[in-house]
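Welcome! Take a look at the model first, then follow the topics below.

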Amino acid sequence: MQHPALQLAELGYRVFPLTPGQKTPLVNAWVEHASTDETQVAFWLEQYPTANWAIATDGLIVIDIDPGAEHWPDNEAHARDLMATPVIALTPRGGKHYYFRQPAGANMRNTQNGQLAEHVDTRANGGYVAAAPSIVNGKAYKWAAGEIDTRPEDLPIVPAWVVNQLSQSQRRQNTTVGNGDGTIPDGQRNGALTRLAGAMRRVGATEADILAAIAHANETRCQPPLEQKEIETIAHSVASYPPEDVTAYLTSLDIDDIAFEGKTPDDPGPLPADLLHVPGFVADVVAHNLAGAHKAQPVLAMAAALSLLATLTGRKITDTQGTRTNLYCIGVAGTSTGKQRAREVTKDILYSSGLEKMIGPESIGSAQGLVGAVEAQPAILFQLDEIGRYLKTMGDAKEAFLYNIISVMMRLFTDSASIFRSDAVVDPKRIKTIHNPHACIYGTTTPDALYNSLTIDSLQDGFLSRVLVFEGDENAAKRWINKPTLPKTLTDQARAWSDFSPGGNLSSVNPQPLVVESTPMARRIMYSFDTTAQDEQRRLGPPLGDLWPRAVEKANKLALLYACSENAQAPVVTDAAATWAVEVVTHLTKRLAFLASRWVSENRLERSIKRIERLIETSGPGGIPKEHLTDATQWCNKRERDEFLQTLIEAGRVRLQTVPTRGRPRTMFTHRRWLAAGEATEATAV
């Protein structure tokens, strides 16, 4: 017998799973993911066999009458209108759900108790209702008619008197700010409340007056409201400026689009050690790297080994979705921490295997030079040192010849399974055509150089979403070693990949790559990860969410490389390969989003606050004395510095404490990263 959720999807109702025994969604961003796709629903049924189920009510309006409103509506004609719908559900608490269509062009929203009547709610756009046979508190939802066979488009339109009553109620509640419906949405709250505070300060309002006004606006208009500490920070910051200066202050903030409001991601920390092992060729390259490293960098060793294998398998391997193995990797570590070892090992393997043609230039002077190198050797590895400074230069539109390199890199990445055509030039003969370009990048840089190069544009232009950033160990210990001889097994494997020609003698002209199959579970893992990546993109929103669109593509690439490393003769994307790839990409993307949230700013205020926070954090567990912090922040005046510090203290990111000494007590600032677990943060005035 077909599951009720599949029946609903087949009729055209968008459904999604709920927590067993509850009405809490099991799917993040359920508004977007609720589906009529029977394949998706079947996947959820397999993943959550005991789940309750919900119907998303976009385009519908469900009138939810709870116990206590049994005699509503008291108008007999209105009561008959409700009974006209063929779809009525009986709820576990003894209430009823009446299903209707919204009028054409309507945008009806959810309403709460009281807007139609006491104990009566509605669910419409942005809402959902639990559906039969979901069970809550041991009792099930049921269809009044025993089953449902009416499609959504065949439901009657909601009675006009319901629309009129809801419209009148909404007009009474609305005010004229925000979206035009009285609300201030997520992403505009900080700016709207700061502008309101500024308008009040211009006419001499006190901090108390400002706080009272914006607190009321926050509670009644912001969806969802900001936390009280944020409201107090806005009031305090604006009120600290003289009325005649507040306009210049607000202009300097550029508050129309505050970056990352309420969306700062958590720090996942270093890449877990259990993700640093890829069996076969990659493990062998890593072992050789570490055996000869004066400072062992296992994360960078794996990143470079993956980049090497990505190059060797170029234009030879694909999966059933057409994924190619080209990678863009960046290894990050401080000066003199041994990050050059990985590049040296890669070059040694390729040269010793007679494959030096695969080693691209170690610097790129122009987009035309980049295209020319790939045209001459379509499967090529660019090992670029100090790529962080390089990216910053290339991100400068004033340097047009460098600026275009990023654009070409993105197109080469995307066109690896198709045909790349270079930009138009005066001489048509100079336009390059490359079949299946397979450019790989392994760049190295220091943390400050890379993260200082990050901008809002670089997060949103698509380049960083194509990149995997691997962080090395800043505290790698120096050791004395004897440089080992390059194992013959590594050069043999490299040559074997070079000799592999799945397309025959014409493979260099018209590549016909080997199609690597995936196990059914591996496919399900990737399918589930696609949902997760979309959830993260929507949850964070731009610009941080823009790091997620290519997460699944990168995971597919890594899974292919895992398969080729593990079994070069008969590669298969196994469950283990898919799991490892998803975990690596998830971790690296979350880590990059966290780092971007700490470094990238959209306005002077945010940039200054983050700069001071980094100074305090990098001072270590002992903190930084106030006088040293003052010396290091001469780029701002005393009033600004105190404002920035007060904001960090009130946000709980920095602790201010007084430390007794033999002389005068010393004022110290310590970042929350270094506070002992469970220790409360003191919100002391600067």
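Helix α7 (residues 207–221) and helix α8 (residues 228–239) have axes that come within 9 Å and cross at roughly 140°. The two helices are therefore oblique to each other, a word for angles that are not under 35 degrees (roughly parallel), over 145 (roughly antiparallel) or 65 to 115 (roughly perpendicular). This is a predicted model, where local features need pLDDT of at least 70, side-chain atom pairs count only at pLDDT 80 or more, and totals for chains, interfaces and linings use all residues. Residues are numbered from 1 along each chain as its sequence is written, and side-chain values use heavy atoms, with hydrogens and water left out.

**The helix pair**
- Residues of α7 that meet α8 include Ile 210, Leu 211 and Ile 214, and their partners in α8 include Ile 231, Ile 234 and Ala 235; contact means heavy atoms within 4.5 Å.
- By class, this contact of α7 with α8 has eight nonpolar, three polar and two charged residues.

**The open sheet**
- Five strands form an open sheet in the order β6-β3-β5-β4-β10, with antiparallel pairing; strands pair if DSSP finds at least two bridges between them.
- Its edge strands, β6 (120–123) and β10 (142–143), each pair on one side only.
- Helix α4 (residues 76–83) lies across β3 (60–65), β4 and β5 (96–101), at about 80° to β5.

**An enclosed strand**
- Strand β19 (residues 467–471) is largely enclosed by the rest of the structure, because four of its five residues are buried (under 20% relative accessible area, 1.4 Å probe, protein chains only).
- Strand β14 (residues 328–332) pairs with β19 in the parallel sense over five bridges, and Gly 331 stands opposite Phe 470.

Technical notes. Buried means under 20% relative accessible area, exposed over 50%, partly exposed in between (1.4 Å probe, protein chains only). Axes are lines fitted to C-alpha atoms, for helices over the stretch in contact, and angles run from 0 to 180 degrees between N-to-C directions. Ala, Val, Leu, Ile, Met, Phe, Trp, Tyr, Cys and Pro count as nonpolar, Asp, Glu, Lys and Arg as charged, and the others, Gly among them, as polar.
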